[in-house]
Amino acid sequence: MPINLKGRSLLSLKDYTPEEIKYLLDLAFDLKSKKRAGIRTETLKGKNIVLIFDKTSTRTRTAFEVAALDEGAHVTFLTNSQMGKKESIEDTAKVLGRMYDGIEYRGFKQKVVEDLSKYSGVPVWNGLTDEAHPTQGLADVMTMMEYVHKPLNQMKVVFIGDTRNNVANTLMRISAKLGMHYVAVGPESLKPSDEMMNEALETAKETGAIIEYTSDLDGVKNADVIYTDVWVSMGEEDKMPERVELLTPYRVDMDLIKRTENPNVIFLHCLPSFHDFETVVAKEAKERGLDIREVTDEVFRSRHSKVFDQAENRMHTIKAIMVATL
């Protein structure tokens, strides 16, 4: 059956079928090869897109801007709006929907992106909320398809660390949708919520996916992909000392990579990453006696690491989302 996503928002991958997700991935691969061949399709010529960021960003903002401009769209980066301050989200959405063909939002509450979609009348794309990071999940799987030479339903993906954050939730969700073997490895206090686990397990009944959680590091055995994220998400900085204590045993180092018993395992990370002490945040933490590195520099720079290919794929998958929905 043909896939038609025109007019759809992307608020969460929960709302997309496995076939629709695969369509977006196929489209991303097609657009990536065209870009590399220097072919400009300008499928979004005449379209206007607004980007709203309540959280800082490097990859999401640049990916949306370059992807939109590649396809001929005009982009407004809106940082000083009245939304949620002197004007309700509903009113702002109605105004933006009159002027723009699509809206990207990156911030905190999932309800904000849902309200933008509800009231704007145009496609809205979730660039990250506390609950989900769907554009990241698509780029993650695209990178796995490029570097793990087996079908998705034969891949084992392990997320290690804070397994209940937005990136881990999204990775679990897309793994379940695509019939993959997903294992969350981390401390009990940071395990996936019952709601997320139950949703993924229900999906797995239809797709054949395997969804697991364990606190045991042996959960990485036979992994095709090791994925981690920073130990403290934006807005949780006060929890840094307790997270370091909890998650230091789950730091991705070369011993953990060897523990997979897979010489071809790949390492993924949504970035930014604390893999050395060359950032202000990592240096300041170190001065306080805290080593906040979730991955060692040795792994981050090793042949296993595909994090920069993954970062580039944010652009190609975001382009696919905009092209498909506009």
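The following legends describe several close-up views of one predicted protein model.

Residues are numbered from 1 along each chain as its sequence is written, and side-chain values use heavy atoms, with hydrogens and water left out. In this predicted model, local features need pLDDT of at least 70 and side-chain atom pairs count only at pLDDT 80 or more, while totals for chains, interfaces and linings use all residues.

**Figure 1. The protein chain as a whole.**
The protein chain contains 12 helices and 9 strands; helices (H or I, at least four residues) and strands (E, at least two) are DSSP runs, numbered from the N terminus. For 326 residues, a compact globule would have a radius of gyration near 20 Å, and the 19 Å of the protein chain agrees with this. That radius is taken over C-alpha atoms, and the globule rule is 2.2 Å times the number of residues to the power 0.38. Along its principal axes, the C-alpha trace spans about 55 × 45 × 40 Å. Of the 326 residues, 57% count as buried; buried means under 20% relative accessible area, exposed over 50%, and partly exposed in between, with a 1.4 Å probe and protein chains only. Among contacts with a separation of 6 or more, 77% come from residues 24 or more positions apart, where contact means heavy atoms within 4.5 Å.

Strands of a sheet pair through backbone hydrogen bonds, either parallel or antiparallel. Here, an open sheet of 5 strands shows parallel pairing in the order 7-6-5-8-9; two strands pair if DSSP finds at least two bridges between them. Strand 7 (210-214) and strand 9 (266-269) are the edge strands, each pairing on one side only. From one strand to the next, the twist averages 20 degrees; axes are lines fitted to C-alpha atoms, for helices over the stretch in contact, and angles run from 0 to 180 degrees between N-to-C directions. Strand 8 (residues 225-228) runs parallel to strand 9 and is joined to it by 4 bridges. Within this pair, Tyr-227 has Leu-268 of strand 9 as its bridge partner.

Helix 12 (residues 307-325) lies across strand 8 and strand 9, at about 50 degrees to strand 9. Ala-311 is a residue of helix 12. Leaving aside neighbours within four places in sequence, Ala-311 is in contact with Arg-59 and Leu-271.

Another view shows 4 strands that form an open sheet in the order 2-1-3-4, with parallel pairing. Strand 2 (74-78) and strand 4 (124-128) stand at the edges with a single partner strand each, so one side of each is left without a neighbour in the sheet. The twist averages 20 degrees from one strand to the next. Strand 1 (residues 48-53) and strand 3 (residues 102-106) run parallel and are joined by 5 bridges. Phe-53 has Arg-106 in strand 3 as its bridge partner.

**Figure 2. Backbone details.**
Most residues other than glycine have a negative phi, and most peptide bonds are trans. Leu-128, in strand 4, has a positive phi, near 140 degrees. Leu-128 is buried, with a relative accessible area of 7%. Asn-222, in the loop between strand 7 and strand 8, also has a positive phi, near 65 degrees. Asn-222 is partly exposed, with a relative accessible area of 47%. A cis peptide bond, with omega about 0 degrees, joins Leu-271 and Pro-272. Pro-272 is found in the loop between strand 9 and helix 10 (280-287).

**Figure 3. The nonpolar cores.**
The largest nonpolar core has 59 residues, of which Ile-49, Leu-138, Tyr-182, Ile-211 and Met-322 touch the most other members. A nonpolar core is a set of buried Ala, Val, Leu, Ile, Met, Phe, Trp, Tyr and Cys residues joined through side-chain atoms within 4.5 Å. Helix 12 gives the most to this core, with 7 residues. Not counting residues up to four places away in sequence, Ile-211 touches Met-172, Ala-176, Tyr-182, Met-197, Ala-200, Leu-201 and Ala-204.
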